[in-house]
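These are my notebook entries on one structure. Each entry records what I looked up and what I found.

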Number of protein chains: 2
Amino acid sequence: MDVTLATGSAWTDPACPVARTVDLIGDRWSLLIIRDAMDGATTFTEFHQRLGIARNILTDRLRKLVEHGILDKSAATNSRRHTYRLTEAGQDVFTTIVALRQWGERHAFAPDEPHSILVDDQGRELPELHPLGQDGAPLSAEASHVRKTA
Amino acid sequence: MDVTLATGSAWTDPACPVARTVDLIGDRWSLLIIRDAMDGATTFTEFHQRLGIARNILTDRLRKLVEHGILDKSAATNSRRHTYRLTEAGQDVFTTIVALRQWGERHAFAPDEPHSILVDDQGRELPELHPLGQDGAPLSAEASHVRKTA
DNA sequence: TCCAATAAGTTTCAAAATGCAACCTATTTG
DNA sequence: CAAATAGGTTGCATTTTGAAACTTATTGGA
């Protein structure tokens with residue numbers, strides 16, 4: 001896993017893990033590429049068709065995601081065709097995708113508006129995800145704060 | 001809560017809650033503004049100083065976040081000073097911020113690199129957040145898939 | 001075997017978003 | 001009442017994004 005940004009660029013806020021994550025994957029296309037990779041997309045063309053993204057931008061984002069260790073690009077020998085697969089770090093974005101999805105379900109749809117649903121192997125919808133304290137009780141933003149490291 | 005995008009613009013992928021969320025708050029500055037709002041920032045100047053963002057961009061992002069029902073802008077009577085506070089929908093982004101933070105802690109720092117820490121009222125670090133299936137066992141991306149609505 | 005289609009890009013150019021710096025104009029504060 | 005502060009706006013340069021056409025290697029089929 002790569003823990004650096006492109007040469008010449010700098011972290012927006014080097015000490016903050018939220019900011020570093022946003023620098024690495026926090027733009028609309030990268031997050032949607034990761035979403036589709038989790039749902040089975042593996043090739044340039046698949047991503048292009050699912051997302052309706054401009055080809056040059058897709059090229060750029062795939063390259064950066066590979067650079068940052070989120071995707072792995074494997075070229076089938078002597079072929080132009082290759083596949084992109086999530087690395088372990090990429091798979092680990094799952095929690096964030098679920099959080100984004102559930103927020104959207106709660107706040108970005110009118111009550112009667114239909115939307116896609118994330119289900120498990122048995123077709124059951126996922127329970128809501130919420131941060132818990134060490135006592136196991138739900139923890140809110142007000143009940144927590146950021147401690148800066150010296 | 002608003003559930004629409006600015007006039008003239010359209011959702012990137014209307015049926016997907018992940019995509020809608022990304023359209024609403026999935027750009028670097030919006031997420032960092034929400035992060036800082038959760039950590040106590042309330043005024044234009046505070047956001048500006050903490051983020052080092054250009055003033056015109058900050059103006060634009062605050063306006064959009066208010067429009068989208070993430071922030072609430074309250075003007076103290078006959079004063080230029082006002083405060084921005086998270087709405088309930090804004091508070092609810094907490095789960096996503098925690099997910100982004102924990103991913104960053106796991107994958108965007110070298111083992112010896114220091115970073116800020118999110119702690120509860122007692123100063124204890126938060127447990128890791130992971131999606132669970134209905135049986136209570138951790139659920140991975142491979143064990144789930146998106147079901148489109150007809 | 002040859003021809004068309006497919007995959008995965010690259011290039012070019014226009015349009016939109018971002019960023020910096022200077023400016024503005026009410027309110028406070030000393 | 002003068003200076004500092006808060007919360008912007010404006011103008012302009014740079015960067016990023018996007019649409020569309022072009023490229024180049026494989027492949028699959030007649």
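**Entry 1. How the copies meet.** I began with the interface between the copies. Of the interface residues of chain A, 100% are also interface residues in chain B, so the copies meet through the same surface. For this and later entries I noted that contact means heavy atoms within 4.5 Å.

**Entry 2. Ground rules.** I recorded that this is a predicted model, in which local features need pLDDT of at least 70, side-chain atom pairs count only at pLDDT 80 or more, and totals for chains, interfaces and linings use all residues. Residues are numbered from 1 along each chain as its sequence is written, chains are lettered from A and ligands numbered from 1 in the order in which they are written, and side-chain values use heavy atoms, with hydrogens and water left out.

**Entry 3. Symmetry.** I looked up how chain A is related to chain B. A rotation of 180°, with 0.0 Å of shift along its axis, superposes chain A on chain B with an RMSD of 0.0 Å. That is the relation of a two-fold axis. The superposition is by least squares on the C-alpha atoms of residues with pLDDT of at least 70 in both copies.

**Entry 4. The fold of chain A.** I found six helices and four strands in chain A. Helices (H or I, at least four residues) and strands (E, at least two) are DSSP runs, numbered from the N terminus. Along the sequence, the pattern of chain A reads α-α-α-α-β-β-α-α-β-β. The C-alpha atoms of chain A fill a box of roughly 55 × 45 × 25 Å, taken along the principal axes. Among the contacts in chain A with a separation of 6 or more, 38% join residues 24 or more positions apart.

**Entry 5. Burial.** I counted a residue as buried under 20% relative accessible area, exposed over 50% and partly exposed in between, with a 1.4 Å probe and protein chains only. By this rule, 49% of the 150 residues of chain A are buried. Helix 2 of chain A (residues 28-38) is mostly covered, with 10 of its 11 residues buried. The buried residues of this helix include W29(A), L32(A), R35(A) and M38(A). Just after helix 2 of chain A, G40(A) takes a positive phi of about 110°.

**Entry 6. One residue followed.** Where does F94(A) lie? I located F94(A) in helix 6 (residues 94-107) of chain A. Is F94(A) buried or exposed? F94(A) counts as buried, at 6% relative accessibility. F94(A) and R35(A) are 59 residues apart in sequence, and their C-alpha atoms are 8.2 Å apart in space. Leaving out residues up to four places away in sequence, F94(A) touches M38(A) and L118(A), as well as P131(B), L139(B), S140(B), A141(B) and S144(B).

**Entry 7. DNA strand C.** I took a residue as near a strand if one of its heavy atoms lies within 4 Å of it. Of the 20 residues around DNA strand C, R55(A), Y84(A), N56(B), R61(B) and S79(B) come nearest. Sugar or phosphate holds 62% of the atoms of DNA strand C within 4 Å of the protein, and the rest belong to bases. I then looked for polar contacts (a pair of N or O atoms within 3.5 Å; within protein, one must be able to donate a hydrogen and the other to accept it, and residues adjacent in sequence count only if both atoms are side-chain atoms). The side chain of R55(A) has an N or O atom 2.8 Å from a base nitrogen of DNA strand C. A polar side-chain atom of R61(B) is 2.8 Å from a phosphate oxygen of DNA strand C.

**Entry 8. DNA strand D.** Of the 20 residues around DNA strand D, W29(A), N56(A), R61(A), R55(B) and Y84(B) come nearest. Sugar and phosphate make up 61% of the atoms of DNA strand D within 4 Å of the protein. W29(A) has a polar side-chain atom 2.8 Å from a phosphate oxygen of DNA strand D. In the side chain of R55(B), an N or O atom is 2.6 Å from a base nitrogen of DNA strand D.
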